[in-house]
Every structure is written in structure tokens, then in C-alpha cells.
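Dear colleague,

Please find below the structure that I am handing over to you. My notes on it follow directly after.

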Amino acid sequence: MKRRDFIKTTSLAGVGAGLTILNFPVFGKQAPSNKIVLGVMGVNSRGNWLAQVAAKLPGAEIGYICDVEDGAIEKGLKAVAGAQDRKPAVIKDIRKLLERKDFDALIVAAPDHWHAPAAIMGTAAGKHVYVEKPCAHNPHEGELLVAAAKKYNRLVQMGNQRRSWPNLQQAVKEVKEQGILGKVHYGRGWYVNDRQPIGTGKKIPVPSTLDWDLWQGPAPRKDYLDNIVHYNWHWRWHWGTSETCNNATHELDCLRWFMDLEYPTKVTSAGGRYSFSGDDWETPDTQTLNFEFEGNKAIAWEGRSCDPFTLEGSGRGFAIFGEQGALYNSGGDSYKIVDNKNKVVKEVKQAANPNQSVTNTVSPAGEFYDAVHLNNFLESIRGKATLNSEINTGYKSTLLCLLGNIAQRTGRILHTDPANGRILNDKEAMKLWSREYEKGWMPKI
């Protein structure tokens, strides 16, 4: 889809007010006065998609692509070629990219172990940052990222796109302001997929097309194996954060949002590598998380990475239960409300979106629903809007997933401080609050 067609489509879809070219001040020294120039870090998969979407938004331009693998760079350049006239410059090293003064904001979509360090470096370099979920590989660097955004006075938005979806925004008002469900007390989310075994990695020479040292970046060095790049790092604790941070972040964020929850008081996890065995997959493929909060509220999440059987007729979604009824979401920008007799009293469906697929690893929601969240980020930079998911909000939702991972890895029930989410009276669990970093790469603010 060309830029002019995309603008027309999104305007007709009902969010045109935010998708018009405005006159606003120069941000980068070489940026035209009607553009925000973006650098995108990590363009093999999700970042490739975000680059395409951002390049089509009015007043936005992809000025730089940053990746460490030649094939990904080629994909990234191709992705934006039809959406803008300017060919992005390529800089492989994020440190070199952030020395540039002629771009305004950084999109971080590299592997999870890069998210917080790159975002922190971005804010320190004076860039606004859009960071994909999860915003951190461990709680400590998430805390640092929140502090960095404040210290350097930069806007940092996490990619939990549902915060910008119009129907869910409407549903939140009905639940929180209008009390359509009465007092809410319990919520539950779920995600399923049909992922296959990843095999046992073989130690082979690093491909000439990949800078393995830069790919590892903040993570302590390990040998290159043939089953890590590009996706299977998700299931290795050294770089990844399990299906919890990969996907539960979205539903747990919605539960926090709808139920007005902050930090939990108790966290439990059950599960493991149940569907398959004998491969390099370390994180759970089957997992249930439970969180308790002050005010007699609780939420839960069920993930089955390798069992595609749906719940409530959907591969992902969430439900909220209150004294007067329940709200169900089936993964997209839609919801239905039922009363205590299980009768549907209201149903809101999202606009038709042929690109939607809950098991699509690049964009389950489709182009429009990523565009509105990115556009909220851009409009906030211009001073025309407020971030829908500023980093303090994004970190709180990420923290639930990270606490679930810690509970799973330690086999312990975690008791946490409702003021900040920190683990109480458990030195062993707190060892996973942070991680070891490669020398010279520890995040600092």
C-alpha cells in the first residue's frame, strides 16, 4: 500500500484527526520542518513491519536502518522503498547511529535483551524512543529505563498497541467510569500457538553476513549456534523472555488497564516444557500465571505455545469479571459484555481487517492498529497528543511477565511490594531481578 492510499484508508477508518500533515518545529537539524525522522533498530521481522507502517504516516520518514545482519538490512530497505522517496542510510552499530544528530526518534525492535539498553542509550542521546514489548529483559533494567526517560526528559512509548485501539479505549471507559460491570474482581487472559521444536543447535562458524558480537551486545558472549538467529532466541533465557513477555504482555496489560491495577502482592507460576522435549527450548511452552493485588483483585494468564486449541473461541484474548457481568475480548479491537445470566447485552466489533491473525508473529492486529499507536507516539512528540503507553505504564505490565518468569524459574511463590513490585524476603529470587552484562555494556543513566 502506497503512502497516499494508506493515509486515505486510515482517515476513513476514523482516526484521521491524528493523521494529517501539520506544521511543527524542526526536531533534527537536517529534518524538513514537516517531518519527524526515525531510526529503526532491528528490521528482520517486527521492526521491518513497524518501519513500513511508520514510513506511510504523514510527517514521518525512516532516515536510518540499524541492523547487524545483511539479509535483514536488505529486507528493511525494501520494506520502506515504496513508502518514501528517501532511501534510509544504514548504520550497523547502534552506538554509531546514536552519534547522529539528524534524526529525532528511535524505534527499538531488536531481540529482547537489547530493548532496555538500546532505549536507555537512545534517551541519553536525546532521542525519543518507541520500544517494542517487553521493554526490558529483567526488572532492574526496566527500572533504569523509566528513570532514564525522566532524567533525559524524553518520550518513551512501549509497543503495547491495544492502549491506542479505539474500541478498547471505549470499553475501558464503560468499565472504569460508567461501571458497566459493577465492581470488578477477577480477570484472565490467554494465548495459544502451534510452535514446533527448535532442535539442538550446532556450533558452526558465524555467517559472514552477521555481526555476532553486535547481535549479542549487552548479553555475555556465547558461541554461535545454527538455531538461534532469527527467532528461536525467544526460548533461551540468555536472550529471550519466554512466551510471557513475548505475548502475555498484551493481555496482562489490558487486565491492568481495565481493572486499574498497579503492582501485585503475590505471584505464582506453574508449567514447563511439556509439549516437546529434547531440544534447546528452555522457557515454558505451557504456563499459567496468577497475580494477586490489593483490594481483593486477581488476574491470571494461560499460555500454550505449542497447543493451538482455542479458548472462548479465540487463540488469544482476555475476560474481566464483575459483580454485574463480564467483558470478553477475542484478541482484536472488539468486545462483548454479558450479564449475570450470561446474556449478551452489548457487542462491539472491530472494523474489517484482512491482515489480522492472532498467530502472526509480525503483526497479529494488522496495519491500521499498529499505525494508530505509532501515530500517537509521533503526535506526542509534536505536542499534539499524550502518550497512550508511556514507559512507566509499559514497564508495570512488563514487570508482571518478568515476575512470572522469576516465579517459574525459582519454583517459588513470590510476595511482592504493592508500592513498587519488588520481591520481598527472597534473596534467591532477587538474584534474577537483574542479570550479568558483557563488559562495557551494562546499562547506565
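I begin with a charge and a ring: the charged end of Arg435 is placed over the ring of Tyr437, at 6.0 Å from its centre. Please bear in mind throughout that this is a predicted model. A second case of this kind involves Lys127, which lies over the face of Phe103 at 4.1 Å from the ring centre.

Aromatic pairs

The count of aromatic pairs comes to 15. In one of them, the rings of Trp235 and Trp281 have centres 4.5 Å apart and planes at 5°, so this pair is stacked. The pair links distant parts of the chain, its members being 46 residues apart. Trp235 belongs to the loop between α8 (212-216) and α9 (242-259), while Trp281 belongs to the loop between β8 (266-272) and β9 (286-293). Both tryptophans, Trp235 and Trp281, are buried.

Phe321 and Tyr328 form an aromatic pair that is edge-to-face, with 6.1 Å from centre to centre and 90° between the planes. Phe321 counts as partly exposed because its relative accessibility is 22%, where buried means under 20%. Tyr328, with a relative accessible area of 16%, is buried.

Nonpolar cores

The largest nonpolar core contains 86 residues. Those with the most contacts inside this core are Met41, Trp215, Leu252, Phe258, Ile299 and Leu327. Helix α11 (residues 391-410) gives the most to the core, namely 9 residues. Setting aside residues up to four places away in sequence, Ile299 touches a list of residues that includes Tyr186, Leu252, Leu255, Met259, Leu289, Phe291 and Leu400. Another core, of 26 residues, lies apart from the largest one, and Val40, Val43, Ala371 and Ile381 are among its members.

Which residues of α7 are buried? They are Asn167, Leu168, Ala171, Val172, Glu174 and Val175. Seen down the axis of α7, these buried residues fall within an arc of 165°, so they line one face of the helix. The elements that cover them include β7 (184-192), α9, β12 (325-329), β13 (335-338) and β14 (344-348).

Asn167 deserves a separate word. This residue is in helix α7, which spans residues 166-176, and it counts as buried because its relative accessibility is 15%. A polar atom of the Asn167 side chain lies 3.4 Å from the backbone oxygen of Lys349. Neighbours within four places in sequence aside, Asn167 is in contact with Asp333, Tyr335, Val348, Lys349 and Gln350.

Gly159 is found in the loop between β6 (156-158) and α7. With a relative accessibility of 0%, Gly159 counts as buried. How far apart in space are Gly159 and His373, C-alpha to C-alpha? The distance is 7.6 Å, although the two are 214 residues apart in sequence. His373 is also one of the contacts of Gly159, together with Tyr130, Val131, Glu132, Lys133 and His250, when neighbours within four places in sequence are left aside.

Yours sincerely

Technical notes. Residues numbered from 1 in each chain as written. Predicted model: local features only at pLDDT ≥ 70, side-chain atom pairs only at ≥ 80, totals over all residues. Heavy atoms only, no water. Helix = DSSP H or I, 4+ residues; strand = E, 2+ residues; numbered from the N terminus. Buried < 20%, exposed > 50% of the residue type's maximum accessible area, 1.4 Å probe, protein only. Polar contact = N/O pair within 3.5 Å; in protein donor to acceptor, adjacent residues only side chain to side chain. Contact = heavy atoms within 4.5 Å. Phe/Tyr/Trp six-rings, centres within 6.5 Å; stacked < 30°, edge-to-face > 60°. Lys NZ or Arg CZ within 6 Å of the ring centre and 35° of its normal. Core = buried A, V, L, I, M, F, W, Y, C linked by side-chain atoms within 4.5 Å. Arc of directions from axis to C-beta.
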